[in-house]
Amino acid sequence: MNACVLLQEGIIYFARHPFLYPLLRARLLPCILLSAFVLTNLFLWTYLPQVAFLAIFHGRHLAFLNATFLVLGEAAAITALLFECFFADETLVDVFDATLINEGCSHLVATSRMVDPTAGDPVKQLGKPMASAIYSPFSLRQIIEFIVFLPLNFIPVAGAPLFLVMTGYRAGPLHHHRYLHLLGFTKQQRNIYLNRRKLRYTWFGMTALILQLVPVLSMLFLLTTASGSALWASRLEKKRELAENSNDPEPGPNYQDDPA
């Protein structure tokens, strides 16, 4: 499944399913204020110094463009980091799980949290987690890698795409951390599963990062991305169950879904 299509479907899905709106409203004001504060301060204090530095490598005209991209990337990373640390990860888990329930995968969600099918819409069905509920694990390694990759933007023309590829390569698989946790995969099984789908996860991570570069709306797209990744997971899960019901070999880490 094309990453762009999945993320577009996530946006449309979020818009067409009002049961997800309360999850957005609860975080909307903090999202806007945090994003505006970070973006304003970065442009106010760091934009022109970065233009001056990039002009050494890129020339004056490209320097303004690449510095804009660089500041937007920095703002997206800082905002996402702060938001996920203090506001969002629980919300992202709820968006992911509610989408899975609505797509007929409530049994999968029930492996990690209570699900009440009589409670109404999928969000209301979500109960307290019975185990650790993390959408995307936070680590110091991610911050270090992001800082290491930032200088790629100093490379004329090709720098920004390289930065997107490298960050997408690292960030893409994290969008299915929750799915693989629900499947009960060990670390070794996760690595095998993800390695077989590196290209698709890289494209997904790249496209998700581009959406998060959009000023102010970056956190909205963080939530719609969780919905898109859940749609992808629901389709993978249905293929996995179909293989099981067809008496195929156990499709855990050895199972390969088709490129769709």
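**Close-up views of the predicted model**

**View 1.** Neighbours within four places in sequence left aside, Val115 is in contact (heavy atoms within 4.5 Å) with Ile101, Ser106, Val109, Ala110 and Gln125. The model is predicted, with local features needing pLDDT of at least 70 and side-chain atom pairs pLDDT 80 or more, while totals for chains, interfaces and linings use all residues. Residues are numbered from 1 along each chain as its sequence is written, and side-chain values use heavy atoms, without hydrogens and water. Val115 belongs to strand 1, residues 113-115; helices (H or I, at least four residues) and strands (E, at least two) are DSSP runs numbered from the N terminus. Its relative accessibility is 21%, so Val115 counts as partly exposed; buried means under 20% relative accessible area, exposed over 50% and partly exposed in between, with a 1.4 Å probe and protein chains only. Between the C-alpha atoms of Val115 and Ile101, which are 14 residues apart along the chain, the separation is 9.0 Å.

**View 2.** The largest nonpolar core contains 44 residues. Such a core is a set of buried Ala, Val, Leu, Ile, Met, Phe, Trp, Tyr and Cys residues joined through side-chain atoms within 4.5 Å. Leu20, Phe96, Leu100, Leu108, Tyr179, Leu180 and Tyr193 have the most contacts inside this core. At least two core residues come from each of several helices, including helix 1 (3-16), helix 2 (21-45), helix 4 (60-102) and helix 12 (218-245). Helix 12 gives the most to the core, with 10 residues. Leu20, with neighbours within four places in sequence left aside, is in contact with Tyr13, Phe14, Val95, Ala98, Thr99, Val123 and Ser227. Another core, of 25 residues, lies apart from the largest one and has Leu34, Tyr47, Ala63 and Phe163 among its members.

**View 3.** The whole structure has six aromatic pairs, and this view shows two that involve Trp232. Rings of Phe, Tyr and Trp (its six-membered ring) pair if their centres lie within 6.5 Å; planes under 30 degrees apart are stacked, over 60 edge-to-face and the rest tilted. The ring centres of Tyr201 and Trp232 are 4.8 Å apart and their planes are at 35°, so this pair is tilted. Tyr201 in helix 11 and Trp232 in helix 12 are 31 residues apart, and their pair links distant parts of the chain. Phe204 and Trp232 also form a tilted pair, with 5.5 Å centre to centre and 40° between the planes. Phe204 is at 0% relative accessibility and therefore counts as buried; Trp232, at 4%, therefore counts as buried too.

**View 4.** Thr202 is found in helix 11. With a relative accessibility of 9%, Thr202 therefore counts as buried.

**View 5.** The structure holds one cavity of 30 Å³ or more. On a 1 Å grid over the protein atoms alone, a cavity is a set of points where a 1.4 Å probe fits but cannot get out, and lining residues have an atom within 4 Å of a point. Points are joined across faces, edges and corners, and the volume is the space filled by probe spheres set on them. The largest cavity has a volume of about 60 Å³. Residues lining it include Ser35, Leu39, Leu72, Thr79, Gln212 and Pro215. Helix 2 and helix 4 are the elements that give two or more residues to this lining; helix 4 gives the most, with four residues.

Definitions and conventions: On a 1 Å grid over the protein atoms alone, a cavity is a set of points where a 1.4 Å probe fits but cannot get out, and a pocket is an open set with protein on both sides within 12 Å along at least five of seven lines; lining residues have an atom within 4 Å of a point.
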